[in-house]
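Welcome! Take a moment to look over the sequence and the 3D view, and then let us walk through them together.

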Amino acid sequence: MSRLLNISFSKVFTLLIMMLSLNLGNAQKNDQIEIAVLGTLHFNQVHNVNKPNQNFYGNKLQKQLKELLQKLYAFSPDQIYIEREPKSQPKIDSLYKLFETGRTKIQDLENGSGEVYQIGFRLARSLELSAPKCIDYYQSTSQSLLQSG
């Protein structure tokens, strides 16, 4: 799995995109379901077009993303889940449809440098899947609780 995540964006990873290979409709009682979880930093939070190591539209990181996408493609998930709240699903569906049909490019999307688009949308399209599913639950955490435990 370390080769799968061998992408030098940051040493700190947060859970952002989960790729699940689920086919529950055809699964038998004893069938095993493979699940792959991919964690990355929030690309759009560090994206900087003036720094090659932070420019998610630049050649260097696009090459690394292409390598990662090829490995994820080989896993062949049948559904992709992303860190977005379910209430965002209509927006994600709409943006994905525009992207899937070639009516917009990732770099034209607001926060298009983000991992949802750079990985989630691109992988879903290459696998001819429906739009990634929004499964995040946002709950804020008090900073004092984090400091005091």
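Ile 33 sits in the loop between strand E1 (14-20) and strand E2 (35-40). Together with Ile 35 and Val 37, Ile 33 makes a nonpolar surface patch of about 240 Å². Such patches take residues with over 30% relative accessible area and no salt bridge, joining nonpolar side chains (Val, Leu, Ile, Met, Phe, Trp, Tyr) within 5 Å and like charges within 9 Å.

Please keep in mind that this is a predicted model: local features need pLDDT of at least 70 and side-chain atom pairs count only at pLDDT 80 or more, while totals for chains, interfaces and linings use all residues. Residues are numbered from 1 along each chain as its sequence is written, and side-chain values use heavy atoms, leaving out hydrogens and water.

**The overall picture**

The chain has five helices and four strands, in the order β-β-α-α-β-α-α-β-α from the N terminus on. Helices (H or I, at least four residues) and strands (E, at least two) are DSSP runs, numbered from the N terminus. Of the 149 residues, 36% count as buried. The chain exposes about 9700 Å², with 48% of it supplied by carbon and sulfur atoms; accessible areas come from the Shrake-Rupley method with a 1.4 Å probe, and for residues only the protein chains shown count as cover. Among contacts (heavy atoms within 4.5 Å) with a separation of 6 or more, 71% join residues 24 or more positions apart.

Strand E2 also holds Thr 40, which is buried at 4% relative accessibility. The C-alpha atoms of Thr 40 and Glu 115 are 7.6 Å apart, although 75 residues separate the two along the chain.

**Aromatic rings**

How many aromatic pairs does a search of the whole structure find? There are four. Rings of Phe, Tyr and Trp (its six-membered ring) pair if their centres lie within 6.5 Å; planes under 30 degrees apart count as stacked, over 60 as edge-to-face and the rest as tilted. Phe 43 and Phe 56 are stacked, at 4.4 Å centre to centre and 10 degrees between the planes. Phe 43 belongs to helix H1 (residues 43-46) and Phe 56 to the loop between H1 and helix H2 (59-75), so this pair ties together parts 13 residues apart in sequence. Phe 43 is buried at 2%, and Phe 56 is buried at 1%.

Tyr 117 and Phe 121 have ring centres 4.9 Å apart and planes at 85 degrees, so this pair is edge-to-face. The two are four residues apart in helix H4 (residues 115-126), about one helical turn. Tyr 117 is buried at 5% relative accessibility, and Phe 121 is buried at 0%. With Tyr 96 and Phe 99, they form one aromatic cluster.

**Salt bridges**

The structure holds two salt bridges, each being a side-chain nitrogen of Lys or Arg within 4 Å of a carboxyl oxygen of Asp or Glu.

| Salt bridge | Closest N and O atoms |
|---|---|
| Glu 85 and Lys 87 | 4.0 Å |
| Glu 100 and Lys 97 | 3.9 Å |

Glu 85 is partly exposed at 26% relative accessibility, whereas Lys 87 is exposed at 68%. Glu 100 and Lys 97 both lie in helix H3 (residues 89-100), three residues apart. Glu 100 is partly exposed at 32%, and Lys 97 is partly exposed at 44%.

Note on methods. Buried < 20%, exposed > 50% of the residue type's maximum accessible area, 1.4 Å probe, protein only.
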